[in-house]
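Please have the sequence at hand while reading.

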Amino acid sequence: MTTKRAISLAALILFAAITLFPIYWMVMTAVMPPARILSRDPALLPEFGALTLDGFFSAIERRPLFTWLINSLVVALAATAASLFVSALAGYSLSRWQNSPQHILGASLLLSKLIPSGLIIIPLFIMFNFTGLIDSYGGLVLAHMTAGVPLATWLLKGFFDRIPRELEQAATIDGCSQLQAMRLIVLPLARPGLAACAVYLMIISWGEFIFARTLMTDRDHLVLTVGLQSFVGEQMVDWAGLMAAGTISLLPVIILFVILEPFLVSGMTKGGLAN
């Protein structure tokens, strides 16, 4: 192994350790006894004999954790699917038609991403209250779409730009319409981009808090990010239960990434089609 390769490997290991340390510490906090958690000098490598799963049992028994998980999963999957559908159509439109209205639409989407969620939550609340979408999954899905669609549209536009238009022209010569050419030719070739956007949209929706806290007031409809607030009391914080619930909340996103990872790897290895 050359010196340059060894330095690069060491840098990657260091970067991975720094990136994964918060997750490691969350898991360790979930399985450490309360006395160790509140210690002034907690050990980075606690004794395995002192580890316990009481935090997980407490989180599951004392709070409707699985109900929150199901609610979050329903909202996140629906928001991801709807956002991906809209973003694919919008990104394809921006990629294939170059005119003034399209440029204005693209700029508007990009600028809308710069607006913080706190600034649009009040108009959304007023509109949803008028239309009866408060305390509904549909309203929360629409709110999540406002956060995910702008960037996902531009990400997909970049993937569509790399697909030669001659492939669609050949399909239209064979009798396909524009939408059929998109569905049969463009989307299959853009699967790595769709997978990347799906992961991005899922993470955005899964970890969203402001919309869920404001638009959902029914306790039966609470999502996981809002439910985690219940572990923080006025006098104390249930650190073990909070970190255990946080550890469980990572599982759906990890599973999604594992499922879509082959598409992401194929996109990186194949490179651009237009090159």
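## Largest cavity

By class, the lining of the largest cavity has five nonpolar, four polar and one charged residues. In this scheme Ala, Val, Leu, Ile, Met, Phe, Trp, Tyr, Cys and Pro count as nonpolar, Asp, Glu, Lys and Arg as charged, and the others, Gly among them, as polar. The lining residues are Ser 72, Val 75, Ala 76, His 144, Ser 205, Trp 206, Glu 208, Val 223, Leu 224 and Thr 225. Two or more of these come from each of helix 4 (65–96), helix 10 and helix 12 (224–227), and helix 4 gives the most, three residues. Helices (H or I, at least four residues) and strands (E, at least two) are DSSP runs, numbered from the N terminus.

The space in the largest cavity is about 60 Å³. A cavity is a set of points, on a 1 Å grid over the protein atoms alone, where a 1.4 Å probe fits but cannot get out; lining residues have an atom within 4 Å of a point. Grid points are joined across faces, edges and corners, and a volume is the space filled by probe spheres set on the points.

## Basis of the model

The model is predicted: local features need pLDDT of at least 70, and side-chain atom pairs count only at pLDDT 80 or more, while totals for chains, interfaces and linings use all residues. Residues are numbered from 1 along each chain as its sequence is written, and side-chain values use heavy atoms, with hydrogens and water left out.

Two cavities of 30 Å³ or more are present in the structure.

## Largest pocket

A pocket is an open set of grid points with protein on both sides within 12 Å along at least five of seven lines. The largest pocket has a volume of about 300 Å³. Its lining has 16 residues, and Pro 34, Asp 238, Trp 239, Ala 240 and Gly 241 lie nearest its centre.

At least two lining residues come from each of helix 2 (34–37), helix 3 (54–62) and helix 13 (239–270). Helix 3 supplies the largest share, four residues. By class, the lining of the largest pocket has nine nonpolar, four polar and three charged residues.

## Helix packing

Helix 6 (residues 117–131) and helix 7 (residues 137–161) pack with their axes 11 Å apart, at an angle of about 150°. Axes are lines fitted to C-alpha atoms, for helices over the stretch in contact, and angles run from 0 to 180 degrees between N-to-C directions. Helix 6 and helix 7 are therefore roughly antiparallel (over 145 degrees). Ile 120, Leu 124 and Phe 128 of helix 6 meet Gly 139, Leu 142, Ala 143 and Thr 146 of helix 7, where contact means heavy atoms within 4.5 Å. This contact has five nonpolar, two polar and no charged residues.

Helix 9 (residues 178–189) and helix 10 (residues 191–206) cross at roughly 70°, and their axes come within 4 Å. Helix 9 and helix 10 are therefore roughly perpendicular (65 to 115 degrees). Leu 187, Pro 188 and Leu 189 of helix 9 make the contact with Arg 191, Pro 192 and Leu 194 of helix 10. Five nonpolar, no polar and one charged residues form this contact.

Terms used
Angles under 35 degrees count as roughly parallel, over 145 as roughly antiparallel, 65 to 115 as roughly perpendicular and the rest as oblique.
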